[in-house]
Protein chains: 4
Amino acid sequence: MTGKKTSVRHEVKSSVKDESLIEKRRDQMIRGAVKLFREKGFHRTTTREIAKEAGFSIGTLYEYIRTKEDVLYLVCDRIYEEVNHRLSPLAEKQGTLAGLKDAIRLYIETIDAMDDEFTVMYQETKSLPRTALSYVLEKELEMAGLFERMLAGCSEAGEIRLSEKEARLGAHHIIVQGQMWAFRRWTLRKQFTLGEFIDMLTDQLLYGVAGCPQEGETK
Amino acid sequence: MTGKKTSVRHEVKSSVKDESLIEKRRDQMIRGAVKLFREKGFHRTTTREIAKEAGFSIGTLYEYIRTKEDVLYLVCDRIYEEVNHRLSPLAEKQGTLAGLKDAIRLYIETIDAMDDEFTVMYQETKSLPRTALSYVLEKELEMAGLFERMLAGCSEAGEIRLSEKEARLGAHHIIVQGQMWAFRRWTLRKQFTLGEFIDMLTDQLLYGVAGCPQEGETK
Amino acid sequence: MTGKKTSVRHEVKSSVKDESLIEKRRDQMIRGAVKLFREKGFHRTTTREIAKEAGFSIGTLYEYIRTKEDVLYLVCDRIYEEVNHRLSPLAEKQGTLAGLKDAIRLYIETIDAMDDEFTVMYQETKSLPRTALSYVLEKELEMAGLFERMLAGCSEAGEIRLSEKEARLGAHHIIVQGQMWAFRRWTLRKQFTLGEFIDMLTDQLLYGVAGCPQEGETK
Amino acid sequence: MTGKKTSVRHEVKSSVKDESLIEKRRDQMIRGAVKLFREKGFHRTTTREIAKEAGFSIGTLYEYIRTKEDVLYLVCDRIYEEVNHRLSPLAEKQGTLAGLKDAIRLYIETIDAMDDEFTVMYQETKSLPRTALSYVLEKELEMAGLFERMLAGCSEAGEIRLSEKEARLGAHHIIVQGQMWAFRRWTLRKQFTLGEFIDMLTDQLLYGVAGCPQEGETK
DNA sequence: AATGAATGAGTGTTCATTCAT
DNA sequence: TATGAATGAACACTCATTCAT
């Protein structure tokens, strides 16, 4: 997203020169890898399978990556790119409750559409090599930052009242709810439609458990 | 937890007969495995490493399990046992808001104390063999069921007002937030203390994002 | 041999595509395996040893087979192929006593030339997986069938007089004598030359123990 | 059997002193081992299984043997003992054709009764350690010697006419046919009864393939 | 740039054998 | 004498990675 000092992109070396070819091959590779990782996880997927699913030989695969982990990184990177792209229209709407609600809706819908990718990313992230890992984690913080700023914006605009910490937790809350929709779909989707889930989530976030007397003397 | 018809426990065969010895060795094994899985994940951990960490030879390891996946299952099973044990005092307090708050606190504190175990369980669950997997998932639903019933109890007691679906979602919400405290501790603990996290979580669950006018016109 | 509906050949999968390379590598493999199996038996022979003897790495070995038992099957299959090839000139000579004698001589000479292979095959056959086993047994029946038909042919031509059962037993008899030459070479070759063995065998088969009055009142 | 200089019996050391107990335990052991070897072969049978089948623990098993191969040896040894016992009445009848026929009948019947044991012995013999192996092979030569002497006896008595070599080959022939009745029972017993097999064998040995003109101009 | 055969370190698992009780 | 838990060498098999063509 906006981000101040975006971390240095973890470079994946390729021995092929033609940039557009690299782009094309990695596309095929990522598409195949996501499918396989989703089905069997990163570790149970072999490089040969990735190559086959992508439509070329292992030899070729290794012309475009250096290690198997590169594939995982590429997948994670692609996911953030895509998410950023989908969420980019939000940047403007800051400062209004309606904008926040739209953002939440868009975010959850994005996850719903890319839930394989999300699941892969959250399950396999720890298999990334150090530098790639920190890049991905920073990406995630950026995303949390987006929602944090939206919440802060609403607060400044007087629509809600939140301390800095509360805004941070709220952002985290939204992110987590999204992950939940991807992660726990084995049970959630038996019980809720996408729309229901979004609505209830938003309600819960903004208004808490319905009907709870709003004194706020929690501690 | 309470649970109606708890699913059949996935049995792990041992060729050793002395039950108390089995208990003891599996204890060692689980302790070692949790540590290693936490550090390197299930797949990157070797059975030899598990044996060594547990303090015996691979030969001995395999006297107490059949496959590597058995170790993972044993770890998951142990965690639920422990969690159940820790949360068991909650069973009575149903129906009051104070009881619910206590439950949330206890739950998050439990996770905080066992966060390695939780992280392992949530990251590696998908590597379990079919029958073990479904056993673990059912355990998780049981746990969600506990919170669901507490929420429903509060609702019946008139302390809060929730539809059945809302209670179910609220329960998931609690569970997932707990997972996040384990999972995302790399970032969360930089920003919140355990107490703060619990308080804000509770507030957010019950009252929503602070200061948001309570009309409830979401859609 | 001739055979009506030869059983489906048990396929051994290879991940290498180049058929002629497969042929070549399997040749090396079979040659090495026969040597080792002869020396130490199937079970005492290591896949690594087979690979080494064949002149490549285990990795490569497993590019051309799926399991160790595949090697055994390949060995058995090769032997039958070779035997069939060597015995193929016999097909025509049916119906004459001279033809039968030639067949016996050729058969025993073949075994003499391939006695390591035969010994391996008869000693290790039971280690084959189900489908491969039945393929090999059928091959053996086919071979018995060849001699059975030759005997029946001689009988029809009036050169000898045999019931159907007797022809079957006679065929079995020939087969067994051949195996004996391979199997018991540790003692037989101290006592007989190949030629002597063949001659005596033929005599015994056709004329029985010399000088025995031919009444036939066995019981 | 009679035997000139019977080879030194390969000793199997036991750490138990009580001879009659050794006898008893080894009995159990052999009985169990034969069953298992028959079913799965020597190599696929584990020492634990042998102990279990025998009715005691591995610890106990190893009080009565030193290595797994000792069990195999014990099995082979027992078989010869038993065969010798069964065939002992033959010793006298030497020198008559009727005696020879009886001997063949008794030998084949013995094998028929002990075919599991025979199959095991012939299939697994090569797994014996050097000294045990040569002991067993000598035992077999002793057995061949019995028949050889019977044939020679008949020849001296003028009942048949055989050179020394022919007698030796005839003896082998009988031995091998017996082995085949054990070994190839999967096909032979579909086609012949025990009685038929014995009769045809005897006929073939003494009179050759029925109806073949007896000039004897083989070469 | 693409291929796929070759490699061998590494992994899960087994099992004969030992030894303290 | 009997037991069975412990051991670790050994084995079949996999798979990421390389490299000659």
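## Chain A and chain B

Chain B gives 59 residues to the contact and chain A gives 59 residues, counting heavy atoms within 4.5 Å. This is a predicted model: local features need pLDDT of at least 70, side-chain atom pairs count only at pLDDT 80 or more, and totals for chains, interfaces and linings use all residues. Residues are numbered from 1 along each chain as its sequence is written, and side-chain values use heavy atoms, with hydrogens and water left out.

The two chains bury about 5,600 Å² between them, 57% of it on carbon and sulfur atoms. Buried area is the accessible area (1.4 Å probe) lost when two parts are put together, summed over both.

## Salt bridges

The rule finds 8 salt bridges across the interface of chain B and chain A. The criterion is a side-chain nitrogen of Lys or Arg within 4 Å of a carboxyl oxygen of Asp or Glu. Lys165(A) and Glu196(B) form a salt bridge through their side chains, at 2.7 Å from N to O.

## DNA strand E

Arg25(C) places a polar side-chain atom 2.4 Å from a phosphate oxygen. Lys17(A) has a polar backbone atom 2.9 Å from a phosphate oxygen. Arg48(B) goes to a base instead: a polar side-chain atom lies 3.2 Å from a base oxygen.

Methods
Chains are lettered from A and ligands numbered from 1 in the order in which they are written. A polar contact is a pair of N or O atoms within 3.5 Å; within protein, one must be able to donate a hydrogen and the other to accept it, and residues adjacent in sequence count only if both atoms are side-chain atoms.
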